[in-house]
Every structure is written in C-alpha cells, then in structure tokens.
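The following report walks through one protein chain, from its overall make-up to single residues. Please keep the sequence and the model in view while reading.

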Amino acid sequence: EILPETPEFYKIIKDICTRLDIPDSVTLIVLDSDEILAFYAMEANTIVFSRGICKYLIDRGLKLTIDHIAAILAHEIEHATELIDVECHRGGILYRAKDQQKIAEEYRADSESLARLSRAGFNRKAVVEVLHTLPLSLGRYGISHPEQIDRIRRVEGRIADDEHPLSDTTKEMTPIPEELYDWLSKNSDYH
C-alpha cells in the first residue's frame, strides 16, 4: 500500500529526503509493506522505500534511527542523481564489464552518500552500521552489489580520510519517535 503524505512515517521520510536535497524530478514512493525495499528505479526516476526495510534492520538487531534511514535514502538519491544505464547483458565479456560497472556505481553511491549525509547534518557512521546489519550478499532482480565487507572497508576508509575530511561523526544519531518505532517493528497498530 502506498502511503499518502499524511502518516508520520511518510512525513519523516519526506523530511529526510528534503534535507538530503532529493532532486525535484525524482518521485518518492513510501510503502506500508513488509517487503524489504529501498531502491532507485531509473526507468521511472523513482525512489521506493518501504516499512519492510526498517523492520528488517530492527529484526537484525539494529537500533534504527533517523540517521540510518537517511543513510539508505542518501545512497538511493546518489543513484538518482548520477546513475548511468548499466543494462545487464547475459553473456561473455560484455556481461562481466556491465557487472563491474554496476559494482563501481555502488561504490560511488556509497562514497558520495557520505558527503550528502554530512551536508544534511546526519551522522555518517550510520552508513557503516547499516552495512554491518545487512546480509553479506545483496541483490535484487539480478542487480549486483559488491561484497559487503569491501563496501564497509571503503566507507570506513572514506570516513577516516584526513585529506578529504567530512563533518564530525560524534553527533548523536536522532532517535525515531517511540510510537513510530513500535509500528515499524510491528509491535503496534500505529497509523
């Protein structure tokens, strides 16, 4: 079910996207669904985000915060701002080349999302915490992602990069309101 713009969950997601400077041309769809969804659909120029991804992270032991949600959305916004068409061709060298292109795009989106989070006042370490919580292999509809441990190492390296420092990471992460957190984890009937 697509959420209208009135429920608190939608308002929080929309506020995060505004702070992250989502392009006006990108459509945002927020779903009240158990499906684990957070992706950018290039063909529709749309970011889809579901309650299910939040519940999944909570169920895996992450004390989900606004900053964690922002980390996921910043990554998807980066895809929306610069994603090149990495159409998948099944066969030989071309397929492997396209696969490498997709992996490079994931690394780029990870790196650029850190700067986007920093500019918006979110704690960049949320990216590392989300990556640690996700499974070691990802992928949706054949879309390749790099090995999780490689992504974590690159993000941690970027955060620690003294030559290109980003803002301070000592900022406390912003908690999600308790009623909403309970609804996200499906412990209540919050609307």
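What percentage of the 191 residues in the chain is made up of buried residues? Buried residues account for 48% of the 191 residues, where buried means under 20% relative accessible area, exposed over 50% and partly exposed in between, computed with a 1.4 Å probe and protein chains only. The model is a predicted one, in which local features need pLDDT of at least 70 and side-chain atom pairs count only at pLDDT 80 or more, while totals for chains, interfaces and linings use all residues. Residues are numbered from 1 along each chain as its sequence is written, and side-chain values use heavy atoms, with hydrogens and water left out.

**Overall make-up**

The chain contains seven helices and three strands, and along the sequence these follow the pattern α-β-β-β-α-α-α-α-α-α; helices (H or I, at least four residues) and strands (E, at least two) are DSSP runs, numbered from the N terminus. Of the contacts between residues at least 6 apart in sequence, 64% join residues at least 24 apart, contact meaning heavy atoms within 4.5 Å.

**Nonpolar cores**

In soluble globular proteins, nonpolar side chains tend to be buried together. A nonpolar core is taken here as a set of buried Ala, Val, Leu, Ile, Met, Phe, Trp, Tyr and Cys residues joined through side-chain atoms within 4.5 Å. The largest such core has 48 residues, and those with the most contacts inside it are Leu20 and Leu64. Helix α3 (residues 66-82) supplies the largest share of this core, with nine residues. Apart from this core lies another, of five residues, among them Leu31, Phe39, Ala41 and Val48. Leaving aside neighbours within four places in sequence, Leu20 is in contact with Ala70, Leu73, Ala74, Ile77, Arg116, Leu117, Ala120 and Phe122.

**Packing of α3 and α5**

Helix α3 packs against helix α5 (residues 125-133) at an angle of about 80 degrees, with their axes 8 Å apart; the axes are lines fitted to C-alpha atoms, for helices over the stretch in contact, and angles run from 0 to 180 degrees between N-to-C directions. The two helices are therefore roughly perpendicular to each other, since angles under 35 degrees count as roughly parallel, over 145 as roughly antiparallel, 65 to 115 as roughly perpendicular and the rest as oblique. In this pair, Asp67, His68, Ala71 and Ile72 of α3 meet Ala126, Val127, Glu129 and Val130 of α5. By class, the contact has five nonpolar, one polar and two charged residues, with Ala, Val, Leu, Ile, Met, Phe, Trp, Tyr, Cys and Pro counted as nonpolar, Asp, Glu, Lys and Arg as charged, and the others, Gly among them, as polar.

Val127, which lies in helix α5, counts as buried at 6% relative accessibility. Not counting residues up to four places away in sequence, Val127 touches Ala71, Ser113, Leu114, Leu117 and Val155.

**Residues apart in sequence**

| Pair | Apart in sequence | C-alpha distance |
|---|---|---|
| Val127 and Leu114 | 13 residues | 7.7 Å |
| Arg19 and Ala70 | 51 residues | 9.1 Å |
| Thr18 and Ala120 | 102 residues | 9.1 Å |
| Asp182 and Lys55 | 127 residues | 9.6 Å |

Beyond residues up to four places away in sequence, Arg19 touches Ala120, Gly121 and Phe122. Asp182, in helix α7 (residues 178-184), is partly exposed, with a relative accessible area of 27%.

**Backbone at two loops**

Most residues other than glycine have a negative phi. Asp21, although not a glycine, has a positive phi of about 65 degrees; this residue lies in the loop between α1 (8-19) and β1 (27-31) and is exposed, with a relative accessible area of 56%. Asn45, in the loop between β2 (38-41) and β3 (46-50), likewise has a positive phi, near 50 degrees.
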